[in-house]
Amino acid sequence: DISTTRAVLQYGGIGSAAALSAFFFVYPLDVVKKDMQVRDMNEGYIKTIQSIYSQGGAARFFRGTHLAIMEVVASRFVAFGMAEGLRRWLPSQWDETSLGKLKKGAVSAIFGAWVKAAIFCPIDSIKTRFQTIGRFEHTVHQPTTTLGIVRQVWGQSSFRGLYRGFTNLGLKGSLNFVPFYVGMDMANHYIPAPEKLWKRVLRDALVGAS
């Protein structure tokens, strides 16, 4: 068994590395999703992609990546690290039953998700502004720098502006993180780890996808 500090660092590091490896595949899809959610336009999926591409080519789908990478790496480290850290502080008696293990994993995951939301909601808010620059016809002026966006948000709503959507971010993180964390925890406990590395990777990938 490893110490709690080492477990937090280990699980946090693994979570960050996994999230970063998927980032470049998922981020363009997130840009399209945000665009469709916030614009008052009745455009379909393909039309939205074409519209975004027309404003800057392929690079337009990666606007705000400096904030997104920071958020992905650091927030996953916090979420996975905090979840694993709390799991080790919860009553060991919970490990004696399947329901107890499930409860321990769920509580840990929810804690990690809300800590992540509390720390990184401002970055997520600024990132969303970056992703939708130039996509609002009615907007008089939209800053195009990180500092400019922060000043605009602060000027409009002060501290509350940076935490707009905090509750939704925490709920979304919990609903997303609990099945994944609990599933991986249960899989590691009940499904024997294959000896070959590629088989272990395949098992974890299937559990994560499920």
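Helices (H or I, at least four residues) and strands (E, at least two) are taken here as DSSP runs, numbered from the N terminus. On that basis the chain has seven helices and zero strands, and reading along the sequence gives the pattern α-α-α-α-α-α-α. The model is a predicted one, so local features need pLDDT of at least 70 and side-chain atom pairs count only at pLDDT 80 or more, while totals for chains, interfaces and linings use all residues. Residues are numbered from 1 along each chain as its sequence is written, and side-chain values use heavy atoms, with hydrogens and water left out.

Confidence comes first. The average pLDDT (the predictor's confidence in each residue, from 0 to 100) is 80 for the chain, and 93% of the residues score at least 70. Where pLDDT is low, the predicted coordinates should not be read in detail.

As for overall dimensions, the C-alpha atoms fill a box of roughly 60 × 40 × 30 Å along the principal axes. Of the 210 residues, 39% are buried, meaning under 20% relative accessible area with a 1.4 Å probe and protein chains only; over 50% is exposed, and anything in between is partly exposed. Contacts are heavy atoms within 4.5 Å. Among those between residues at least 6 apart in sequence, 70% join residues at least 24 apart.

Helix H1 (residues 4–38) packs against two other helices described here. With H2, the angle is about 105° and the axes are 10 Å apart; axes are lines fitted to C-alpha atoms, for helices over the stretch in contact, and angles run from 0 to 180 degrees between N-to-C directions. That makes H1 roughly perpendicular to H2, on a scale where under 35 degrees is roughly parallel, over 145 roughly antiparallel, 65 to 115 roughly perpendicular and the rest oblique. On the H1 side sit Leu29, Val31, Val32, Asp35 and Met36, which meet Tyr45, Thr48, Ile49 and Ile52 of H2. By class, this contact has seven nonpolar, one polar and one charged residues, where Ala, Val, Leu, Ile, Met, Phe, Trp, Tyr, Cys and Pro count as nonpolar, Asp, Glu, Lys and Arg as charged, and the others, Gly among them, as polar.

Helix H4 (residues 98–131) packs with H1 at an angle of about 80°, again with the axes 10 Å apart, so H1 is roughly perpendicular to H4. Here Tyr27, Asp30, Val31 and Lys34 of H1 meet Lys127, Thr128 and Gln131 of H4. This contact has two nonpolar, two polar and three charged residues.

H4 also holds Lys104, which is buried at a relative accessible area of 4%. Leaving out residues up to four places away in sequence, Lys104 touches Arg87, Leu90, Pro91, Ser92, Trp94 and Asp95.

The largest nonpolar core has 11 residues: Leu67, Val78, Val115, Phe120, Ile123, Ile126, Phe130, Ile133, Ile149, Val153 and Leu162. Such a core is a set of buried Ala, Val, Leu, Ile, Met, Phe, Trp, Tyr and Cys residues joined through side-chain atoms within 4.5 Å. Helix H3 (65–89), H4 and helix H5 (146–162) each supply at least two of its residues, and H4 has the largest share, five.

At 33% relative accessibility, Ser158 is partly exposed.
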